[in-house]
Amino acid sequence: MAKKAAYYGVILALAMICSYIEMLIPLNIGIPEAKLGLANIAALYIIYKNGYLPALAINTSRILLTTLLFGNVITLFYSLVGGTLAVTVMFLISKSNWFSPVGSSIAGAVFHNLGQILVAVFIIGSKAVLYLIPMLTLVAVITGLLIGIAACYLLKRIKIASA
């Protein structure tokens, strides 16, 4: 039990560090709230090594803790919906023999953005933000590709005992 807690604690800490580093990297490409999604490396790793529930728990914990430390209540809703949708889609795709972790990552990035757009439509009460979907999808494909490649590398190279 202690080994499992330590294992998940290390992965959670690494995901939080990735979130913090991402906040320090200015990604000024003219699209509001576009991010790299570095913490999804940890989510993908856990999905492929330990499954859906641990990945969802770690991702939700990361979102709650990083929002408490660096965010606000509004960002919490965006992040929880986007993160939950991303982890769920990545897990479902991981069960397919058609896609690698790179495909899972791209799909997770796209659905993360779609989830956040849905929250924006709900909070703002206007469909005006839907115009962001094509631009955010393009960014999601690029960042999802890069994050997926990084996750593939880690999945092949890191030899930690899974919990």
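Reader: How do the axes of helix H2 and helix H4 cross, and at roughly what angle?

Author: Start by asking how far apart two axes get and what angle they make. In this predicted model, H2 covers residues 40-50 and H4 covers residues 73-94. Their axes come within 10 Å and cross at roughly 40°. Angles under 35 degrees would count as roughly parallel, and 65 to 115 as roughly perpendicular, so H2 is oblique to H4.

Reader: Okay, and is the crossing of H2 and H4 left-handed or right-handed?

Author: Right-handed, for this pair of H2 and H4.

Reader: Which residues make the contact?

Author: Look for side-by-side names from both helices. H2 brings Asn40, Ala43, Leu44, Ile47 and Tyr48, while H4 brings Val87, Met90, Phe91 and Ser94. Sorted by class, the H2 contact with H4 has seven nonpolar residues and two polar ones, with no charged residues.

Reader: Zooming out, how many helices and strands does the protein chain have?

Author: Count the elements, then read their order. There are six helices and zero strands, so from the N terminus the pattern goes α-α-α-α-α-α. The radius of gyration is 15 Å, close to the 15 Å from the globule rule for 163 residues, so the chain is as compact as a globular protein of that length.

Reader: What share of the residues is buried?

Author: Buried residues are 44% of the 163 in the chain. For contacts, check how far apart the partners sit in sequence. Among those joining residues at least 6 apart, 70% link residues at least 24 apart.

Terms used. Residues numbered from 1 in each chain as written. Predicted model: local features only at pLDDT ≥ 70, side-chain atom pairs only at ≥ 80, totals over all residues. Heavy atoms only, no water. Axes fitted to C-alpha atoms, helices over the stretch in contact; angles between N-to-C directions. Helix = DSSP H or I, 4+ residues; strand = E, 2+ residues; numbered from the N terminus. Parallel < 35°, antiparallel > 145°, perpendicular 65-115°, else oblique. Left-handed = near helix turned anticlockwise from the far one by under 90°. Contact = heavy atoms within 4.5 Å. Nonpolar A, V, L, I, M, F, W, Y, C, P; charged D, E, K, R; others polar. Rg over C-alpha atoms; globule rule 2.2 N^0.38 Å. Buried < 20%, exposed > 50% of the residue type's maximum accessible area, 1.4 Å probe, protein only.
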